[in-house]
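Please walk through the fold of this protein chain, from its overall build to single residues.

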Amino acid sequence: MSRVLSIAGREHDLGGGFVVRRLLPDVKRRSVGPFVFLDHMGPHAFGPGQGIDVRPHPHIGLATLTWLWEGAVMHRDSVGSRQIIRPGDVNWMTAGRGIVHSERTPVEERAAGHRIEGLQTWLALPEEAAETAPSFQHVPAAEVPVCHLDGVDIAVVAGRAFGRRSPVRTHVDTLYASLRFAEGATLAVDPEHEERAIYPLDAGLWLDDQPLAPRQLHVVDDPVSFRLAATSPVRAMLLGGASVGPRLLWWNFVATSRERIEQAKVDWVAQRMGLVEGEPDVIPLPER
């Protein structure tokens with residue numbers, strides 16, 4: 001039997017019933033592989049004229065990755081990227097020494113009203129890449145590797161899994177795959193990655209002989225093979241990879257030292273981290 005650490009997460013209502021569940025970081029576990037931040041947003045229905053409006057804000061020392069099951073988000077950043085992400089696409093932004101970006105509901109979806117649900121993750125960069133130049137990658141859904149194994153539809157979002165490799169350029173060994181189980185489907189997961197976790201959105205998924213609560217992050221702490229089995233249709237994400245060691249997180253900054261985070265604070269207040277074209281306002285540095 002594999003040892004499993006389950007993290008329930010914490011819910012935050014961002015207004016109007018738009019709920020985000022924070023799974024990482026947690027007091028039980030700070031990271032899984034390079035993943036140091038994991039938010040499940042939605043599902044939520046926005047009415048006409050409503051949507052997401054995250055003003056420009058900075059990042060250092062990490063890469064962000066957005067994965068949607070429903071909805072659309074317009075990404076803009078200080079290296080000139082302007083890209084709508086839709087279900088099945090991958091947006092991967094490398095902050096490196098510093099980047100600024102905004103996230104908003106696209107014009108068409110805002111006018112009509114729409115539903116949204118997805119995962120937003122941060123992956124810590126290894127020390128040798130922490131100060132790399134900022135960059136942005138977009139991989140359309142048609143280029144994301146997919147396969148079908150014994151009743152499970154798999155999309156390899158980033159890194160490698162099940163004999164496939166994503167075209168996303170990562171900095172460390174990464175495991176990030178979207179799974180859709182048919183009722184009765186099973187999937188064997190080998191210990192080819194240093195750290196692994198499973199996040200089921202729906203009830204009915206079992207790990208060996210253990211039922212997995214939906215909307216909780218289940219970290220497998222043993223380097224062994226395990227079997228996932230679904231007693232009903234289930235959506236889930238499999239994530240992990242190589243650990244990059246402990247990291248400090250403050251607001252949107254990830255670093256190995258407090259001095260680097262303090263410098264990022266100064267740079268943001270002085271507006272030395274870049275501008276997002278067409279965005280007249282920014283999120284100010286928090287007081288705490």
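**From the whole chain to single residues**

Among contacts between residues at least 6 apart in sequence, 70% join residues at least 24 apart in the protein chain. The model is a predicted one. Its secondary structure comes to two helices and 25 strands. The radius of gyration is 19 Å, close to the 19 Å that the globule rule gives for 288 residues, so the chain is as compact as a globular protein of that length. The C-alpha trace spans about 55 × 45 × 35 Å along its principal axes. Of the 288 residues, 55% count as buried. The accessible surface comes to about 12,600 Å², and 50% of this belongs to carbon and sulfur atoms.

Next comes the sheet. Seven strands form an open sheet with antiparallel pairing, in the order β2-β3-β4-β11-β6-β9-β12. At the edges stand β2 (10–13) and β12 (135–139); each has a single partner strand, so one side of each is left without a neighbour in the sheet. From one strand to the next the twist averages 15°. Strands of a sheet pair through backbone hydrogen bonds, either parallel or antiparallel.

The pairings can be followed strand by strand. Strand β3 (residues 19–24) pairs with strand β4 (residues 35–46) in the antiparallel sense over four bridges, and V20 stands opposite M41 in β4. On to β11: β4 and β11 run antiparallel and are joined by nine bridges, with H40 opposite L119 in β11. Eight bridges join β6 to β11, and this pair also runs antiparallel; here L68 stands opposite G118 in β11. Nine of the 11 residues of β11 are buried, so this strand is largely enclosed by the rest of the structure.

Not counting residues up to four places away in sequence, H114 touches H44, A45, F46, G71, A72, T105 and E109.

Now the nonpolar interior. In soluble globular proteins, nonpolar side chains tend to be buried together. The largest nonpolar core in this model has 30 residues, and those with the most contacts inside it are L65, W67, V90, Y176, L217 and L239. Strand β6 (residues 62–70) gives the most to this core, with four residues. V90 shows how such a residue is surrounded: leaving aside neighbours within four places in sequence, V90 is in contact with L65, T66, W67, I85, Q137, H138, V139, V144, V157 and V168. Apart from this core lies another, of 24 residues, among them I154, L175, V189 and A236.

The last stop is a loop residue. S166 lies in the loop between β15 (164–165) and β16 (174–181). Is S166 buried or exposed? At 7% relative accessibility, S166 counts as buried. Leaving aside neighbours within four places in sequence, S166 is in contact with P145, V156, V157, A158 and G159. V157 is also among the contacts of V90. S166 and S6 are 160 residues apart in sequence, and their C-alpha atoms are 27 Å apart in space.

Conventions:
Residues are numbered from 1 along each chain as its sequence is written. This is a predicted model: local features need pLDDT of at least 70, side-chain atom pairs count only at pLDDT 80 or more; totals for chains, interfaces and linings use all residues. Side-chain values use heavy atoms; hydrogens and water are left out. Two strands pair if DSSP finds at least two bridges between them. Axes are lines fitted to C-alpha atoms, for helices over the stretch in contact, and angles run from 0 to 180 degrees between N-to-C directions. A nonpolar core is a set of buried Ala, Val, Leu, Ile, Met, Phe, Trp, Tyr and Cys residues joined through side-chain atoms within 4.5 Å. Buried means under 20% relative accessible area, exposed over 50%, partly exposed in between (1.4 Å probe, protein chains only). Contact means heavy atoms within 4.5 Å. The radius of gyration is taken over C-alpha atoms; the globule rule is 2.2 Å times the number of residues to the power 0.38. Accessible areas come from the Shrake-Rupley method with a 1.4 Å probe; for residues, only the protein chains shown count as cover.
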